Amino acid sequence: MPTACFHCGLPVPPDGRWRVEIDGEARPMCCAGCAAVANLIAGSGLAGYYRHRDASAAGPADPGAGAREYTVFDDPAAQTGFVVDQADGVRRVELAIGGVTCAACTWLIEHHLQRLPGVLEVGVNLAEQRASVRMKADELPLSELMARIRELGYTPHPFLGSTRHDDARAENRTALKRMGLAGIVQMQIGMFAIALYAGDFSGIETDYRDYLRWISLVLCVPVVGYSAQPFFTGAWRGLRHFAPGMDVPIALAIALAFLASVWFTVRGGGAVYYDSVAMFTFFVLLGRYLEMRARHRAGLAGGNLLSLVPAAATRLGPDGEHEAVPVARLARGDRVLVRPGETLPADGTIEEGASSIDESSLSGEALPVPKRTGDRVSAGTLNTDGALTVRVEATGLDSRLGTVLALVDRAQREKPRSVELADRSARWFVVAVLVLATLTGLWWLNHDATRALAIVLSVLVVSCPCALSLATPAAVTTAVAALRARGFLVTRGHALGALAAADTIVFDKTGTLTTGEVRLAELRCEAGADRERCLRIAAGLEALSAHPIARAFAGLPRTAVTEFRAFAGGGLEGVVGGERYRIGHAAFALGAPAPTHHAEHWIVLAHADHALAWFRLADTLRPEAPEVTGRLRREGIDCLLLSGDSATEVERVAGLLGITRWHARQTPEQKLECVRALESSGRRVVMIGDGVNDVAVLAGAGVSIAMANAADVARASADCMLLAGDLHRVPEALAKAREASGVIRQNVTWAIVYNVAAVPFAAAGLVPPWLAAIGMTASSLVVIANALRLRNDASRPPRAERSQPDG
């Protein structure tokens, strides 16, 4: 076994020339880069990093590049989105750090940067691989800061969209504080309320009663003044604009219950409702917190989409000179150089060079697409193997990627019919509650003014939709927890209802029904060619290539190849046994177009312009996909396949899965149009996808599911996610959603029956406020208990997967 590098874990060369003394012992290094980084760490007194790390560090990437590589970020135009200027010349910089693997990495970065002049504060988030640095702009250039991170072997990048991310985190923290305060206080006041309610039945001394009331009052003040503040603000805003919302009755109930409780606490007698105030505030805040989390996920999705585009590009001058510039400074007509492994910064046309472009982020095409002079390329796609000179035609929001972002925003702005109906119904409900409480108060003022306040409060408490507001969230939360235990994560509240009503499922192909891994699907040899020899020659050539297609030949027996050459966008060439062979696209290997039956997803091995063997490359079908699609059809659910891949490949996959309706070469716009057309015809659609090209349709569908290996922006735009990537969870989720839908109907029916039955008794003065509060709590407990039935199967596998008894 070769010795492993002490820094990065890679094998050390046999000569073992690089060694660094760390903790009094000479440690082996695999290269000069690792030795330089290790020397820097040890020489800075930070050798403790090696004692506490959980994984080997990433190898250094050109550690000698220094600050020159990052000088483009000293330009203010390149700092938009991740640098925030603060007072007194201080700026906050947000950086994404590649290669962070454990807590020791964060410790090393923080301690190393804190020693730099001008750095005031450093924080590294391990989960997000994100560094936040406060520094003085006049003492330390941004390029120098990024270079110092690079010296350690980590790769710094701008953390785009940081402002939006920070705003969401601030709102989330505030919401948690409000909800946490209300939850803690309502538990404490609840204990005092038990004694007070018991005292109403069995008697309690006045001193003890007053003491418990005053303690409850003190505890309830921060709930009303801080936790419930959003309700009062929203109620005032709605009344001021003559558009009362649900905040009005909520704020009114809280205010009246609290003021009445204060009155009876000060004057004596009557009843107090501090526990109801705190409990009601907590439950409503909980529902709104869940809604806010879903809104944040949707809002951050758009910001992540444009992060596919690099922050800087290499612009070519009139004389061919290279200039690193921010992408924001690129204009139509500029010429940019895109090296192998770089992401295209803009839409444009290739002027020089040839390469293969990985367009999976936009089109879903599993294999890189050959591109030559005159072909169009898109921002956010990856150049795999050849240098290109591209004439810029569109950047930013005007690019094809920007068009996808616009579709996402439009889809997220459009409300489903159920939401629009709920919005309209809420206004009438508010008006009805206020009218009922007003009429009740007026009647009692004329007949028994001393009881008017207590009865109005009873009506408001009884009619407050506490059980009704819990009817859906309680069932949804329980069902979501049960599904999460089975590897299916629901991220938005409306998803369960949409899944329960679904009658059509639209699948993406690459990465959804297939694994996204290229494999060798078929080998056809020409007459007289030896199959085994052709396969060994092809594997030998591909073994020397870094192209993604080479993975299809990994592990196969191969022949030694000499004089190897790779031709960008064409294929490979090498000598075997004194004979020169080529493998790649027909135009490269044969000098002529491929026959029609070998036109797509085929490469050819040739010798002296004569074809020897044809290799068909295909994506690997998920093993469970046929069973899942078959089960869905048996349950009466239609399956449709939409893909950006070629018609031949899409038809092949659809045939294997028994899917009769499919569409190939679909753009993001066409996918969204297809789903919209299905929904317009009355179909209830579930969209399942994984790529950036699916983002718009995932956001626009009635309900959407992202695969476990989906792009971050696709996961953020989807309503649900498969945590383990197992398609079996899809029909299981549909069944659980239908079960949850039944429980929700039961809960809503119970809540409505309770309110309708209790309101007349409260208006007649037969239900005192304390009994109304107990009734409201009891109705809520009934709803919660019914919802908890959904968790019964959360910890058990489906029947088909349970182990069978022996014998």
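Is Val-431 buried, partly exposed or exposed? Val-431 is partly exposed, with a relative accessible area of 34%; buried means under 20%, exposed over 50%, and partly exposed in between, using a 1.4 Å probe and protein chains only.

## Basis of the values

This is a predicted model, in which local features need pLDDT of at least 70 and side-chain atom pairs count only at pLDDT 80 or more, while totals for chains, interfaces and linings use all residues. Residues are numbered from 1 along each chain as its sequence is written, and side-chain values use heavy atoms, with hydrogens and water left out.

## The chain as a whole

The chain has 24 helices and 29 strands. Helices (H or I, at least four residues) and strands (E, at least two) are DSSP runs, numbered from the N terminus. Of the 807 residues, 49% count as buried.

The chain exposes about 36,600 Å², of which carbon and sulfur atoms supply 56%; accessible areas come from the Shrake-Rupley method with a 1.4 Å probe, and for residues only the protein chains shown count as cover. Contact means heavy atoms within 4.5 Å. Among contacts between residues at least 6 apart in sequence, 66% join residues at least 24 apart.

Val-431 sits in helix α11, which covers residues 417–447. Together with Val-435, Leu-439, Leu-442 and Leu-445, Val-431 forms a nonpolar patch on the surface, with about 430 Å² of accessible area in total. Patches are made of residues with over 30% relative accessible area and no salt bridge; like charges are joined within 9 Å, and nonpolar side chains (Val, Leu, Ile, Met, Phe, Trp, Tyr) within 5 Å. A salt bridge is a side-chain nitrogen of Lys or Arg within 4 Å of a carboxyl oxygen of Asp or Glu.

An α-helix has 3.6 residues a turn, so residues three or four places apart point the same way.

## Helix α8

Helix α8 has 21 residues (247–267), which at 1.5 Å a residue should span 30 Å; the end C-alpha atoms are 30 Å apart, in agreement. The expected span is 1.5 Å times one less than the number of residues. Just after α8, Gly-268 takes a positive phi of about 90 degrees.

Pro-249 lies in α8 and counts as buried at 4% relative accessibility; its C-alpha atom is separated by 9.3 Å from that of Phe-231, 18 residues apart along the chain. Val-262, also found in α8, is partly exposed at 22%. Leaving aside neighbours within four places in sequence, Val-262 is in contact with Leu-217 and Tyr-274.

The 13 residues of α16 (531–543) should span 18 Å, and the end C-alpha atoms are 18 Å apart. At the start of α16, a side-chain oxygen of Asp-530 reaches to within 3.3 Å of the backbone nitrogen of Glu-532. The buried residues include Cys-534, Leu-535, Ile-537 and Leu-541, and their cover includes β19, β20 and β24.

Ser-545 is in the loop between α16 and β20 and is buried, at 18%. Apart from neighbours within four places in sequence, Ser-545 is in contact with Ala-550, Phe-564 and Leu-572.

Terms used. A polar contact is a pair of N or O atoms within 3.5 Å; within protein, one must be able to donate a hydrogen and the other to accept it, and residues adjacent in sequence count only if both atoms are side-chain atoms.
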